[in-house]
Amino acid sequence: MVASDRLADWLDGLFHALSLGRATPLRLSLDGRELAPLVRPAGRVALDATQRAATEAQRQDRLALSGHLPGNGGVPGTTSFAVPMTIPGHGAALLTVEADIPDSTALDSVLTTVALAMGWIHATLMHAKVEATKGEESAAQSALQAIVAFITHRRFSEAARALMTDFAGRYRCDRVALGLARGSRVRVVAISNTGSFSRALSLARKLRAAMEEAFDQERVLLWPLPEGMVPDGGAPDMILERQSDLAVGDTERSVLSVPLFDGRRHRGVILFERGGGAGFAAEEVQRIVALCALLTPIIIEKRDNNRWLIIRAAVALRDLLQRALGRSHLVLKAAVLAGVLSVVALFVVQADRDVVAEAVVQGTEVRTLAAPFAGFIAEAPQREGDRIRKGDILVRLDDRDFILELTRLTALRAQTELELDKVMSERNRAEAALTTSRLRQIDAQIALAQQQIDRSRIEAPFDGLVTAGDMTRSIGKSVEQGEPLLVIAPLAEYRVDLYVPEDQIDLIHKGQAAVLKVTPLPERSYALTLRDTMPVARYENGSTRYQVEARFAGQIDGLVPGMTGAVRVAVDRQSLAKLWFGPLVDRARLWLWRNMAL
């Protein structure tokens with residue numbers, strides 16, 4: 001019996017004891033913070049005097065009387081008193097008594113009876129605690145014995161049969177059977193006191209049907225079900241059709257089916273049959289359910305360890321797939337699945353591997369125009385960025401000294417020709433030879449002066465663009481012979497100089513296709529074809545780069561020499577993993593080789 005039941009019996013006994021004397025008990029109540037109120041007779045409402053006595057007893061923590069006081073005469077009435085007390089395991093409580101007490105002697109008898117009863121309550125509750133402890137120890141001992149009976153056998157079939165036989169003897173059952181789940185069906189694997197059996201027998205089929213009924217409902221099933229009783233794990237709407245089939249022809253037989261649950265899913269059923277009309281009490285059902293729950297993981301582990309290795313591997317794989325594809329931990333599973341798919345995609349999905357390099361647009365021919373002789377700049381109509389046509393004057397040097405010299409030499413030549421005519425008329429051959437020689441010298445000087453005048457006009461040799469130099473602000477400035485004045489490049493023919501990092505130069509080959517985008521025109525793309533690689537390294541901004549020349553393979557509208565941009569060279573196709581992590585692996589391999597001598 002539980003403590004609340006013992007307290008109710010104690011209150012009934014006190015009511016009966018008080019009625020044996022001269023007093024007539026009318027109402028007894030026991031109330032506490034950790035105790036459900038108990039009233040005898042049930043439902044009787046306390047008098048106002050009883051409530052006043054209860055309030056005073058709680059305030060002073062001692063016996064308090066109210067109402068009629070026996071022995072003082074007056075009109076007879078009901079006497080009420082309240083007594084504070086302490087109940088082991090339930091804390092403070094208050095006992096109230098309403099009774100018709102004729103005189104003071106009867107009052108003393110009532111108080112003495114109450115005092116004795118208050119002492120007896122400690123003993124009865126201690127006895128209940130001892131009995132509960134004994135019950136727990138008995139249940140623990142029973143569980144230990146059942147486990148020993150199961151694990152002492154090496155083979156699972158023998159262990160299961162021994163366990164069912166032990167259950168049959170321990171709980172006084174006619175038959176106990178074990179069934180384990182195989183998919184959505186239950187397979188009978190052991191019957192108490194039975195060595196071997198055919199699953200085709202009518203009894204085996206009935207046992208399996210009853211087990212599957214409990215397995216499908218995932219409930220503890222008890223048949224016949226006592227009125228008002230619901231077994232632990234069961235429900236009022238239980239279906240007991242297959243349970244009753246086992247008891248056909250035996251109206252006194254009871255059937256109890258307990259599903260085996262290992263914390264994740266139901267793994268089987270243990271079925272108990274008992275005849276003779278004994279039935280299964282509620283406390284006994286609780287102990288059986290608790291023992292089955294304790295033994296479930298041991299039974300499953302014993303069964304799995306007794307299988308062939310290949311079957312155990314297949315079962316483990318099936319359980320893994322069920323956990324992975326089940327409905328629990330959906331967020332975690334979705335994250336893991338996304339991670340796995342991402343990793344697979346890294347190795348399956350391929351993308352173009354490109355080399356991206358800085359680029360500069362240059363003319364195929366870059367010509368520097370220098371001063372032909374020392375002099376002064378007289379005219380410079382063109383400057384950097386101007387478009388020019390063939391024959392346009394770019395720079396003109398001061399040629400006045402050469403024109404004066406040419407005029408002087410022209411006059412001198414005319415005079416020399418007159419002298420030659422005179423000598424020829426005098427038939428002086430020697431003098432004629434000297435004059436002819438001097439005339440030739442003058443002609444050479446005239447040709448030189450004319451050449452200097454022509455060279456003072458620097459003209460555009462082709463259609464193009466002035467890419468460097470600005471002499472428009474240097475009119476009258478003196479220049480030395482060979483001093484650069486302007487740099488020009490043709491408009492129709494361009495090349496592109498690429499600057500490729502050293503770790504990617506091995507991917508560049510002649511004839512590869514590339515695409516150029518220049519900074520001023522990012523919306524346009526220009527097709528290129530790689531030509532030559534310069535075998536000279538350039539050290540800029542802390543990195544080493546190699547120059548690669550490329551030519552345009554299509555239209556070049558809008559480009560001018562000097563434009564900068566970027567070139568993307570298509571190399572091949574690789575997986576995303578190699579494309580993204582390949583450079584990191586190469587750097588790590590190089591670092592290990594340098595620092596660890598691998």
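Which element gives the most residues to the lining of the largest pocket?

## The largest pocket

β7 does, with 4 residues. This is a predicted model, where local features need pLDDT of at least 70, side-chain atom pairs count only at pLDDT 80 or more, and totals for chains, interfaces and linings use all residues. Residues are numbered from 1 along each chain as its sequence is written, and side-chain values use heavy atoms, with hydrogens and water left out.

The largest pocket is lined by 28 residues, and L180, A181, R182, R303 and R307 lie nearest its centre. Elements giving two or more residues to this lining include β6 (175-182), β7 (185-191) and α8 (309-325). (A pocket is an open set of points on a 1 Å grid over the protein atoms alone, where a 1.4 Å probe fits, with protein on both sides within 12 Å along at least five of seven lines; lining residues have an atom within 4 Å of a point. Helices are DSSP runs of H or I, at least four residues, and strands of E, at least two, numbered from the N terminus.)

## Aromatic pairs

The whole structure holds 5 aromatic pairs (ring centres within 6.5 Å; edge-to-face means planes over 60 degrees apart). F373 sits in the loop between β12 (367-370) and β13 (375-379), while F402 belongs to helix α10 (residues 400-425).

Y526 and F552 also pair edge-to-face, with 6.2 Å between centres and 85 degrees between planes. Y526 lies in strand β22 and F552 in strand β23, so this pair ties together parts 26 residues apart in sequence.

Definitions and conventions: Rings of Phe, Tyr and Trp (its six-membered ring) pair if their centres lie within 6.5 Å; planes under 30 degrees apart count as stacked, over 60 as edge-to-face and the rest as tilted.
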